[in-house]
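Subject: Structure handover

Hello,

Here is the structure for you to open. Please have a look at it first, then read my notes below.

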Amino acid sequence: MANEKDDIYYMKIALQQAVIAEKNGEVPVGAAVLLSDGSLHTAHNAPISLNDASAHAEMRAIRAACSATDNYRLPGSTLYVTLEPCCMCAGAMVHARIARVVFGASDAKTGAVESLYQLLSDKRLNHQVQITSGVLGKNCGALLTDFFAKRRRKA
């Protein structure tokens, strides 16, 4: 069972990935999938640079973990992400059988975990994901707020 100290540790790793995304001109979102064997697979947002609408940090981290395990399912895994996942990413988590998601900042516009939709806890689906929200939420939110403020100033 994860504890708060572990959640903070892995969220800091996801935040490092978010900084890489920002340096690449992407929306600063980072993710890390911690597998049950202790291995970690990280990624950052890259839809612009990859010309791929599905290249969200979560999707890329899930792909890396699945590739490493040679399995499309990731039972017992935890996904750490700096921003509340969208519908696409939440759906991938259900299909991958991720056990737990830990996210930082909420997303009132596209959040599909707690804010706009609650896909991961929907009992109509064949898998539910345990949710921990708000881990380093202020840090994660500030990174996004600053990014979009800089963008608006440039425009």
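First, a term: a residue is buried when its relative accessible area is under 20%, exposed when over 50%, and partly exposed in between (1.4 Å probe, protein chains only). The model is predicted, so local features need pLDDT of at least 70 and side-chain atom pairs count only at pLDDT 80 or more, while totals for chains, interfaces and linings use all residues. Residues are numbered from 1 along each chain as its sequence is written, and side-chain values use heavy atoms, with hydrogens and water left out.

Salt bridges

A salt bridge here is a side-chain nitrogen of Lys or Arg within 4 Å of a carboxyl oxygen of Asp or Glu. The count by this rule is three.

Take Arg100 and Asp7. Their closest N and O atoms are 2.6 Å apart. Arg100 sits in strand β4 and Asp7 in helix α1 (residues 4-23), so this pair links distant parts of the chain, 93 residues apart; helices (H or I, at least four residues) and strands (E, at least two) are DSSP runs, numbered from the N terminus. Both Arg100 and Asp7 are buried.

Next come Glu22 and Lys150, with 3.8 Å from N to O. Glu22 is in helix α1 and Lys150 in helix α5, so the pair ties together parts 128 residues apart in sequence. Lys150 is partly exposed, because its relative accessibility is 42%.

Asp122 and Arg124 also form a salt bridge, at 2.7 Å from N to O. Asp122 is buried, at 15% relative accessibility. Arg124 is exposed, at 74%.

Helix α4

Which residues of helix α4 (residues 87-96) are buried? They are Cys89, Ala90, Ala92, Met93, Val94 and Ala96. These buried residues pack against α3 (57-69), β3 (78-83) and β4 (100-105), where contact means heavy atoms within 4.5 Å. Arg97 follows α4, and its phi is positive, near 60°.

The largest pocket

A pocket is an open set of points on a 1 Å grid over the protein atoms alone, where a 1.4 Å probe fits, with protein on both sides within 12 Å along at least five of seven lines; lining residues have an atom within 4 Å of a point. The largest pocket has a volume of about 260 Å³. Its lining includes Leu83, Asp107, Phe148 and Arg152. Helix α5 (residues 137-154) gives the largest share of that lining, five residues.

Best wishes

Technical notes:
Points joined across faces, edges and corners; volume = space filled by probe spheres on them.
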